[in-house]
Amino acid sequence: MSSVDKTPLSFSKNALIGIGTAILAVLTLLLCYFAIDVIFLLFAAILLAVFFRGLGNSVSRYTKLPEGLAVVLVSIFLLFVFGLGIGFLAPKIAAQLAAFQEFLPVAIKTFSQRTSEFTWGKLIIEQIPAWEEIFESFLSSEFLRGVGGIFSTTFGVVANVLVIILLSVYLASEPQTYINGLIKLFPIPRRARMKAVVGEIGETLRWWLVGKFFSMLIIGVLTTAGLSIIGVPLALSLGIFAALLAFIPNFGPIIAVIPAVLFALVESPVKALYVLILYICIQMVESYLITPMIERETVSLPPVLTIFFQIFLGVLVGSLGLILATPLLAVFIVLVKMLYIEDILGDPVVSLQTDEEE
């Protein structure tokens, strides 16, 4: 009799727990959606903190300084060098950017004229609006207003950069405080495993950042030197532009090559061809030399999945999502590998390579 009486109560209790869990999940997803800019800002700070922490640990090993102090000193030194570099290069870059704004319409007009010399090119040019109309519609588009998310709507660029830097320094100087707090949210039997997962994510991001930093540096130097040899104007600005966009795989190099080719095309089509060959050669060095070296220490990111993830986050968040898509994908792959493939499926894999490669 008692079991019969308890059955409805047990069913009601389980139903209430299920409904409560579903409501909590929906509220969590809604919170993440409306606070997605803040979440991405926090991830950017974590990414920078991983970079600071890696350098701080290296300095601590050689100088015997406490790790927290080494991280703070490294952060201050890097910020000082960065500010000094901006102060030294700012006048030259500002002058080149002013010339860039004046030179770009001329380059686009020259490109249109040269393309119109061909029948197929004339048909294409006739279907494309004037570049002034494209530029104005682009500036007024909903896409551009949504692009940048937090960098354009919350505090402004400068304020957000300062927030990211401050958060990264705090996170890098005392990471265990925040890691332990995160791990304590999980059941006791799972805490050791979660600690290993967090450690793996940190190592993956650290090596990805190291590889990406050297990749950006090499691309910037090679681009500036190559454009200077070819004789393309604004070589320094174009080299810095290419280096910054190298942080965004797949789409960054495509965007970077457009102004360089346009500027070279003003002088001659042959020079534009040389510029295109230069960028292709630099990307081959990056793709076949630098990227494989990165993937020795971190997860291999499937190209199709990377492009899909970039497009998805670019549409969802804007440019900030596109910029952070690749490191976020690296974190996601580590989570899938360790928490799903290894823990749930029981497959003791050490990488996400295909069966043929294994």
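Analyst: Happy to! Helix 12 gives the most to the lining of the largest cavity, with three residues; helices here are DSSP runs (H or I, at least four residues), numbered from the N terminus. This is a predicted model, where local features need pLDDT of at least 70 and side-chain atom pairs count only at pLDDT 80 or more, while totals for chains, interfaces and linings use all residues. Residues are numbered from 1 along each chain, and side-chain values use heavy atoms, without hydrogens and water.

User: What volume does the largest cavity have?

Analyst: Rolling a probe the size of a water molecule over the atoms shows where empty space is left. Here, a cavity is a set of points on a 1 Å grid where a 1.4 Å probe fits but cannot get out, and lining residues have an atom within 4 Å of a point. The largest cavity has a volume of about 40 Å³, and its lining includes Ala242, Leu245 and Tyr279.

User: Is helix 11 largely enclosed or open, and why?

Analyst: Helix 11 (residues 235-245) is largely enclosed by the rest of the structure, because eight of its eleven residues are buried (under 20% relative accessible area, 1.4 Å probe, protein chains only). Among them are Ala242 and Leu245.

User: How do helix 2 and helix 10 pack?

Analyst: Two packed helices are described by the angle between their axes and the distance between the axes. Helix 2 (residues 36-63) and helix 10 (residues 188-230) pack at about 80 degrees, with axes 9 Å apart. That makes helix 2 roughly perpendicular to helix 10 (65 to 115 degrees).

Conventions. Buried means under 20% relative accessible area, exposed over 50%, partly exposed in between (1.4 Å probe, protein chains only). Helices (H or I, at least four residues) and strands (E, at least two) are DSSP runs, numbered from the N terminus. Axes are lines fitted to C-alpha atoms, for helices over the stretch in contact, and angles run from 0 to 180 degrees between N-to-C directions. Angles under 35 degrees count as roughly parallel, over 145 as roughly antiparallel, 65 to 115 as roughly perpendicular and the rest as oblique. On a 1 Å grid over the protein atoms alone, a cavity is a set of points where a 1.4 Å probe fits but cannot get out, and a pocket is an open set with protein on both sides within 12 Å along at least five of seven lines; lining residues have an atom within 4 Å of a point. Grid points are joined across faces, edges and corners, and a volume is the space filled by probe spheres set on the points.
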